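Me: I have a model open and want to learn how to read its features. Please take me through them one at a time, general idea first.

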Amino acid sequence: MLVLEKPSSQQVAKGAVAGAAAAVIASTPAFAGDVGAGETVFNANCAACHAGGQNVIMPEKTLEKEALESYLTGGFNEKAVMTQVTNGKNAMPAFGGRLSDEDIANVASYVIKSSTDGWE
């Protein structure tokens, strides 16, 4: 015969804390690159045209999440941003060869995070 004991309030509280921590971890996206380093790379190489997530050359092609979802080849993700930064597209020059793969990964992480959070 299996006998179940009622958990103590301390056990219930520990379970609730663990569950909340797991929910936060699961909802926080993991970025391939370093977002802070990506901001530095962005400010030095991208901000002239894309300050605040905008686009001074083609105003309709901003770095806002909704815009990226609609025109970024490969969808709204770091890999697609890395491809565009590396190869360029339309008026955007290619940065492959000018920036390291690590810098490109970092700037992609920064762009996705900023687009998700809302550019400042």
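Reply: Start with disulfides. A disulfide is a pair of cysteine sulfur atoms within 2.5 Å. In this model, the sulfur of Cys49 has its closest cysteine sulfur in Cys46, at 8.9 Å, so the two are too far apart for a bond. A search of the whole structure finds 0 disulfides.

Me: Where do the coordinates come from, and which atoms count?

Reply: This is a predicted model, with local features needing pLDDT of at least 70 and side-chain atom pairs counting only at pLDDT 80 or more, while totals for chains, interfaces and linings use all residues. Residues are numbered from 1 along each chain as its sequence is written, and side-chain values use heavy atoms, with hydrogens and water left out.

Me: How many helices and strands does the protein have?

Reply: Both are DSSP runs, numbered from the N terminus: helices are H or I with at least four residues, strands are E with at least two. Here there are 6 helices and 0 strands. Along the sequence the pattern reads α-α-α-α-α-α.

Me: How should I read contacts?

Reply: Contact means heavy atoms within 4.5 Å. Sequence separation then tells you how far along the chain the partners lie. Of the contacts in this protein with a separation of 6 or more, 54% are between residues 24 or more positions apart.

Me: And the nonpolar core?

Reply: In soluble globular proteins, nonpolar side chains tend to be buried together. A nonpolar core is a set of buried Ala, Val, Leu, Ile, Met, Phe, Trp, Tyr and Cys residues joined through side-chain atoms within 4.5 Å. The largest one here has 21 residues, and Phe42 and Val81 touch the most other members. Helix 2, helix 4, helix 5 and helix 6 each supply at least two residues of this core. Helix 6 gives the most, with 6 residues. Take Val81 as an example: leaving aside neighbours within four places in sequence, it is in contact with Leu72, Ala108, Val111 and Ile112.

Me: Which residues lie nearest the centre of the largest pocket?

Reply: Pockets are found on a 1 Å grid over the protein atoms alone. A 1.4 Å probe fits at each point; in a cavity it cannot get out, whereas a pocket is an open set with protein on both sides within 12 Å along at least five of seven lines, and lining residues have an atom within 4 Å of a point. In the largest pocket, His50, Asn55, Leu63, Gln84 and Met92 lie nearest the centre, out of 25 lining residues. Several helices each supply at least two lining residues: helix 2 (35-45), helix 3 (47-50), helix 4 (65-71), helix 5 (78-87) and helix 6 (101-117).

Me: What is the volume of the second largest pocket, and what lines it?

Reply: The volume is about 200 Å³. Its lining has 13 residues, with Glu39, Tyr110, Ser114, Trp119 and Glu120 nearest the centre. Helix 2 and helix 6 are the elements giving two or more residues.

Me: Now the loops. Where is Thr62?

Reply: Thr62 lies in the loop between helix 3 and helix 4. Its relative accessible area is 9%, so it is buried. Not counting residues up to four places away in sequence, Thr62 touches Gly53, Gln54, Asn55, Ala67, Leu68 and Tyr71.

Me: What about Asn90?

Reply: Asn90 has a positive phi of about 55°, although it is not a glycine. Asn90 sits in the loop between helix 5 and helix 6, and at 58% relative accessibility it counts as exposed.

Note on methods
Grid points are joined across faces, edges and corners, and a volume is the space filled by probe spheres set on the points. Buried means under 20% relative accessible area, exposed over 50%, partly exposed in between (1.4 Å probe, protein chains only).
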